[in-house]
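Trainee: I would like to go through the cavities and the ligands of this model. Could we take them one at a time?

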Amino acid sequence: MNHKYKALYAQLVESYYQGDFEGTFSKILEEAEEPEKIKEVLAVLCGVEIDQADTEFNYTQKIIHGLTQNNVRQKIVQKVSSCNTDCEKVDGKSKCQSVCPLDAIVRDLNSNEKWIDDSLCLNCGRCVEVCEKGNYLDTQQFLPLAEILRSKQKVFAIVAPAIAGQFGSEVTLDQLREAFLKLGFTDMVEVALAADILSLKEAIEFNEHVKKEGDFMITSCCCPMWVAALRKVYHEFITEVSPSVSPMIAMARILKSLDQDAKVVFVGPCVAKKAEAKEKDLAGDVDYVLTFQELEIIFESLHINPEKLTGVPTVDYASKGGRMYGRTGGVSSAVWDIVEQIFPEKRELFQAVQVDGMRECKALLDELREGKIKASFIEGMGCKGGCVGGPKAIVDKDTGREAVEKMAVDSAVKIPVHSEVLLNMLKKIGVEDVKDLKHGNEMFERSFQ
Ligand code: SF4
Ligand code: SF4
């Protein structure tokens with residue numbers, strides 16, 4: 001969320017846990033200089049849809065009703081206030097327009113008012129960060145989730161590999177797990193475990209798809225911005241894209257196949273994942289998405305300090321390759337490690353290229369169109385540095401990258417094919433042999449056509 005709203009959000013979270021939400025919310029509205037303007041912001045921070053036509057209840061009651069009914073807001077990035085001012089211009093564009101990867105922010109030439117063209121918006125969240133006036137905001141999903149956590153249902157936090165180092169350079173996964181338990185979660189699981197499965201799947205697909213010099217495949221792994229660019233602008237390459245779900249979706253599906261009543265919450269540095277979780281063919285797999293920055297506010301508001309906790313260990317640790325997904329090149333190196341092990345005859349053909357940042361992704365795909373790219377495995381990440389450079393990371397991308405690499409190297413499992421944890425997990429979901437992870441395995445497949 002925009003820094004302008006952090007204190008307000010902390011106030012809402014704290015009051016919710018202290019049982020004084022209604023009083024605090026009403027007071028915020030009463031004291032607001034422009035109550036009508038703040039109402040939209042509050043609805044987005046609370047993450048609920050408001051029935052404007054309903055005249056029976058006041059605004060506070062409508063918000064509380066939305067929370068108790070779990071009426072989660074569908075829209076992710078939205079404009080929360082009107083803006084016709086000329087902020088500092090970059091290349092003739094307003095700040096928000098200059099960071100928008102697909103030129104989704106449109107300006108009326110007469111009024112200068114700007115709005116988001118939803119058909120182009122990738123929900124990357126860059127405009128939210130860059131607008132100092134706080135005119136853009138992404139939907140926060142913690143308060144509807146807090147209601148579920150309070151009801152003691154089974155709720156799993158699945159954490160992105162980029163979590164390494166975000167809550168303190170020495171904070172371990174075990175300490176983070178304890179912090180999540182304190183919030184009311186049932187357990188915390190590494191998404192990198194599902195990344196391990198998808199690396200295996202993509203290695204098998206590479207073996208089937210790339211048979212000779214000039215053949216290539218495009219990884220679909222992890223990044224919804226990369227996938228959206230391929231679907232919206234570079235559709236002619238869709239047949240070369242691995243038809244795999246992201247590790248986030250794969251992990252959620254595994255957990256729900258083991259316990260269909262479980263709720264799953266993804267925690268990462270990414271706003272676009274909030275939109276991915278709502279895509280038509282994926283809706284219902286991940287129930288809520290939180291970002292690292294939101295989680296930091298939540299921990300602080302509720303006085304949970306992961307650094308001070310002793311930690312709760314698990315037996316389900318991911319491999320080096322899965323954990324490397326947190327930074328650019330992680331997917332390529334994980335898939336390469338497996339190709340080298342189980343398809344040694346394909347070593348010569350495996351030539352990976354990686355690119356990060358949306359402008360760079362588009363430039364690479366343009367070159368691919370022109371036949372200038374010689375690689376056989378193509379990886380793109382929407383953010384500079386990969387997920388460690390995501391819009392909602394807490395630490396800078398270089399610090400994040402170092403922490404991800406350290407956590408990856410520290411893993412006792414170097415390659416997923418050697419992971420007992422992974423093989424046991426696959427058996428539990430009915431996959432007896434890793435080579436069965438090819439096309440047709442519905443749990444990990446999706447169509448981009
Ligand atoms: S969320 Fe991203 S794609 Fe959408 S309008 Fe903002 S900057 Fe553009
Ligand atoms: S690279 Fe950026 S947009 Fe892509 S998944 Fe990671 S954080 Fe999200």
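**Cavities, ligands and a helix pair**

Mentor: The model is a predicted one.

Trainee: Which residues are the closest to the centre of the second largest cavity?

Mentor: This cavity has a volume of about 90 Å³. Its lining consists of 15 residues, in classes of twelve nonpolar, two polar and one charged. The closest to the centre are Cys100, Pro101, Cys121, Cys124 and Cys127.

Trainee: Which cavity does ligand 1 sit in?

Mentor: Ligand 1 is surrounded by Val77, Cys100, Pro101, Ile105, Ile116, Cys121, Leu122, Asn123, Cys124, Gly125 and Cys127. Cys100, Pro101, Cys121, Cys124 and Cys127 of this shell are also the residues closest to the centre of the second largest cavity. The ligand sits in the second largest cavity.

Trainee: What volume does the largest cavity have?

Mentor: The count comes to three cavities of 30 Å³ or more. For the largest cavity, the volume is about 220 Å³.

Trainee: Which residues are the closest to the centre of the largest cavity?

Mentor: The lining of this cavity has 20 residues. By class they are 16 nonpolar, three polar and one charged. The closest to the centre are Cys222, Phe266, Lys273, Met381 and Cys387.

Trainee: Where does ligand 2 sit?

Mentor: The residues around ligand 2 are Cys222, Cys223, Pro224, Met225, Cys270, Gly382, Cys383, Gly386, Cys387 and Gly390. They divide into seven nonpolar, three polar and no charged. Cys222 and Cys387 of this shell are also among the residues closest to the centre of the largest cavity. Ligand 2 sits in the largest cavity.

Trainee: At what angle do helix H2 and helix H3 pack?

Mentor: H2 covers residues 21-31 and H3 covers residues 35-46, with the axes 10 Å apart. Phe21, Phe25, Ile28 and Leu29 of H2 meet Pro35, Ile38, Lys39, Leu42 and Cys46 of H3. The residues of this contact are eight nonpolar, no polar and one charged. The angle is about 145°.

Conventions: Residues numbered from 1 in each chain as written. Chains lettered and ligands numbered in written order. Predicted model: local features only at pLDDT ≥ 70, side-chain atom pairs only at ≥ 80, totals over all residues. Heavy atoms only, no water. 1 Å grid on protein atoms, 1.4 Å probe; cavity = no way out; pocket = protein on both sides within 12 Å on 5 of 7 lines; lining within 4 Å. Points joined across faces, edges and corners; volume = space filled by probe spheres on them. Nonpolar A, V, L, I, M, F, W, Y, C, P; charged D, E, K, R; others polar. Axes fitted to C-alpha atoms, helices over the stretch in contact; angles between N-to-C directions. Helix = DSSP H or I, 4+ residues; strand = E, 2+ residues; numbered from the N terminus. Contact = heavy atoms within 4.5 Å. Near = heavy atom within 4 Å. Sits in = over half its atoms within 2 Å of the grid points.
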